[in-house]
Amino acid sequence: MVKVFVFYDTKYGNTKLAAEKIVEGMREVEGIETDMGYVKEIGIGNAADYDAIVLGAPNHMGRPSRTMKKFIDRLAKLDLKAKNVVVFGTYAGKERLVDRAVKKLGKMVEKKLPNLTLISPGLSIRVNGIPGPIVEGELPKCKDFGRRIANQLKQKQ
Ligand SMILES: Cc1cc2nc3c(=O)[nH]c(=O)nc-3n(C[C@H](O)[C@H](O)[C@H](O)COP(=O)(O)O)c2cc1C
């Protein structure tokens, strides 16, 4: 069994919805166990026992939200069992395959969690304006992404 924890930050709920869909996709893959939590509510100690960590944040001023940055700083102080990490994010700007805030999130993770391998360039989900909602056609990408990373994680196990 591969245990995955999906941590998200959100202001308006869009990144939470994306996280839920990613989890839905992962759960379609046998041998994957998932948990999910909001970084402002979840006990960080929860992270230590998982095989992989997924981190998702909204784009705030071209970078991942400050709350997510702080959460990663806290993660960096734990003795994590996880070997792999995946990032995703939501953004409202010009359509891009990988939004710049997700790229920065990936770089942040590589720098601050050097014992973990970033196994994907990440997923970017576009929203309509600052409060959303998620642009049509973007949500199914989350489920596909979840399925894909779950299969990748299983192969690495
Ligand atoms: C303070 C603030 C700054 C933002 N800056 C950007 C930005 O630079 N580029 C962008 O594409 N979206 C930007 N956005 C839009 C957010 O990406 C959008 O609100 C977010 O993806 C919605 O996700 P959430 O519902 O999970 O909070 C910004 C939003 C806020 C609140």
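**Helices, strands and a ligand shell**

The crossing of α2 and α3 is right-handed, meaning the near helix is turned clockwise from the far one by less than a right angle. Keep in mind that this is a predicted model, where local features need pLDDT of at least 70 and side-chain atom pairs count only at pLDDT 80 or more, while totals for chains, interfaces and linings use all residues. Residues are numbered from 1 along each chain as its sequence is written.

Back to that helix pair: α2 (residues 66–75) and α3 (residues 100–112) pack at an angle of about 20°, their axes 10 Å apart. Axes here are lines fitted to C-alpha atoms over the stretch in contact, and angles run from 0 to 180 degrees between N-to-C directions. So α2 is roughly parallel to α3, a label for angles under 35 degrees. Helices (H or I, at least four residues) and strands (E, at least two) are DSSP runs, numbered from the N terminus.

Now for the strands. β5 (residues 84–91) runs parallel to β7, with four bridges joining them; strands pair if DSSP finds at least two bridges between them. Gly-89, for one, has Ser-124 of β7 as its bridge partner.

β3 gives the most, with three residues.

Notes: Angles under 35 degrees count as roughly parallel, over 145 as roughly antiparallel, 65 to 115 as roughly perpendicular and the rest as oblique.
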